[in-house]
Amino acid sequence: MSVAFKAITTENGKGIFHLFPALCKGCGLCIEKCPVDTIGWAKQLGAFGTPVVEPGHGKPCIACKKCQLVCPDAAIWIERRDGKGRSDSGRQPE
Amino acid sequence: MALAAQPQMPRVWRAETKPHKFCPGCGHGIILKALGEAIDALGIQERTIFGCDIGCSLLSWDFFNLDTIQTHHGRTTPVLVGIKRVRPELVVVSYMGDGGAYAIGAQHLVSSAVRNDLVTIIVVNNTQYGMTGGQMAPTTLPGQKTETTPYGRDVKLTGRPILGPELVAAVAPPGAYVARGSIANVVQLKNFIQKGLLNQIEGRGIAFIEALSACPTNWRTNAAETWRFIEKEMAAYFPTGELRTPGEAKNGQAGEGTPGAPEH
Ligand SMILES: Cc1ncc(C[n+]2csc(CCOP(=O)(O)OP(=O)(O)O)c2C)c(N)n1
Ligand code: SF4
Ligand code: SF4
Ligand code: SF4
Ligand SMILES: [Mg+2]
């Protein structure tokens, strides 16, 4: 069975920030782990009707993927703008 | 045709049951991501059986594309050991909370450790009973406020927090793999879990991994306080690292990597 999630995609600094609102529960763990403080609350609402997150609130994204790593809900996928991000392991686009 | 961006879930995750049932910011999701990536890396999805316990771990009953069973406090381990004895080619993962592992079902953990059963046990240490509303567990830190210790845990009355991996490392025979990781270091945690699965696959003995986790709901913490509690308070009492590493024995050395562990 295949399921598809819609992404909100934002380019910022070195990264392409894909956020899947249906998965984001608004916990804020990613915000605290971003080394350049670029992640902040967005206007859109997520899985539980709480705000989702977006980049663009601090210094430019350095594509370190820390936010993706700590998200308990796999709601973030960081691609590098230089194209090196597609080699991520895990579920690939179907 | 352009491919739409999709979440980078481990392949063994069951996408149609996501978002999963855990609270916002719950550490269970991060630990099950590390476990999923370890299962993917070893290519063992077709022969892995997942067992979850009672407590919030049971919210993972439909989490993976794996045959899954749920049992009561700590009994997950003997149930999976039974499956392993009947079908030794399978890889069995026993997943539970600190209350189930160290209090209500502690006898099963101790017996499996002494027998060096071929099972990989992952214990989620969130310092209390999450599912039932945050009561004190054996892992509750000194002075920590919970539903049943509203003035903070009094160690004179209730003892000091249990050190699970140290306990297992002290009683398990050679061949056991024992480690403590944390959701504050996901890469290391995934590495420990993968080594723990390999220890079972290679038939060396029991694998025991405790994962320091978060329960923001019962801790009543925001994201900044959650990370601070794990990285400062929990890490100070529960040191992370490997306690027993039998897979790394070289040149006739013990390879058990247990400074100060009893001789067997
Ligand atoms: C014998 C018995 N006593 C008490 C309970 C109630 N109970 C259900 S879950 C739970 C606590 C589980 O805590 P833990 O194992 O730490 O898991 P967590 O929810 O924190 O992940 C308790 C006490 C029970 N189900 N069975
Ligand atoms: S990839 Fe790194 S720098 Fe970019 S938003 Fe995530 S945590 Fe911040
Ligand atoms: S860690 Fe994940 S679920 Fe939590 S706020 Fe960030 S993107 Fe949303
Ligand atoms: S109560 Fe705690 S352990 Fe249980 S799902 Fe919620 S955050 Fe996770
Ligand atoms: Mg618990």
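Helices (H or I, at least four residues) and strands (E, at least two) are taken here as DSSP runs, numbered from the N terminus. The model is a predicted one, in which local features need pLDDT of at least 70, side-chain atom pairs count only at pLDDT 80 or more, and totals for chains, interfaces and linings use all residues. Residues are numbered from 1 along each chain as its sequence is written, chains are lettered from A and ligands numbered from 1 in the order in which they are written, and side-chain values use heavy atoms, with hydrogens and water left out.

The peptide bond that joins B:K18 to B:P19 is cis, with omega near 5 degrees. In chain A, the loop between β4 (51-54) and α2 (66-70) holds A:K65, whose phi is positive, near 70 degrees, although the residue is not a glycine. For context, most residues other than glycine have a negative phi, and most peptide bonds are trans.

Next comes the interface. Contact (heavy atoms within 4.5 Å) brings together 33 residues from chain A and 30 residues from chain B. Between them the two chains bury about 2900 Å², of which 63% lies on carbon and sulfur atoms; buried area is the accessible area (1.4 Å probe) that two parts lose on being put together, summed over both. B:Q6, B:Q8 and B:W227 provide 23% of the area that chain B buries against chain A, more than any other three residues.

One salt bridge is counted between chain B and chain A, a term that stands for a side-chain nitrogen of Lys or Arg within 4 Å of a carboxyl oxygen of Asp or Glu. The partners are A:K33 and B:E231, with their closest N and O atoms 2.4 Å apart. On the side of chain B that touches chain A, α1 (27-42), α7 (186-201) and α9 (223-237) each supply at least two residues. The greatest contribution to that side comes from α9(B), with five residues. By class, this side of chain B has 19 nonpolar, six polar and five charged residues, where Ala, Val, Leu, Ile, Met, Phe, Trp, Tyr, Cys and Pro count as nonpolar, Asp, Glu, Lys and Arg as charged, and the others, Gly among them, as polar.

B:D98 in helix α3 (residues 98-104) and B:Q128 in strand β5 (residues 128-129) of chain B are 30 residues apart and link distant parts of the chain.

Of the 16 residues around ligand 1, those that come nearest are B:C56, B:D98, B:G99, B:G100 and B:G130, a residue being near a molecule if one of its heavy atoms lies within 4 Å of it. An oxygen atom of ligand 1 lies 3.1 Å from a side-chain N or O atom of B:H28.

The shell around ligand 4 includes B:C56, B:N126 and B:G130. Helix α8 (residues 216-219) of chain B gives the most to this shell, with three residues. The ligand 4 shell holds six nonpolar, five polar and no charged residues, while that of ligand 3 has nine nonpolar, two polar and one charged.

Key. A polar contact is a pair of N or O atoms within 3.5 Å; within protein, one must be able to donate a hydrogen and the other to accept it, and residues adjacent in sequence count only if both atoms are side-chain atoms.
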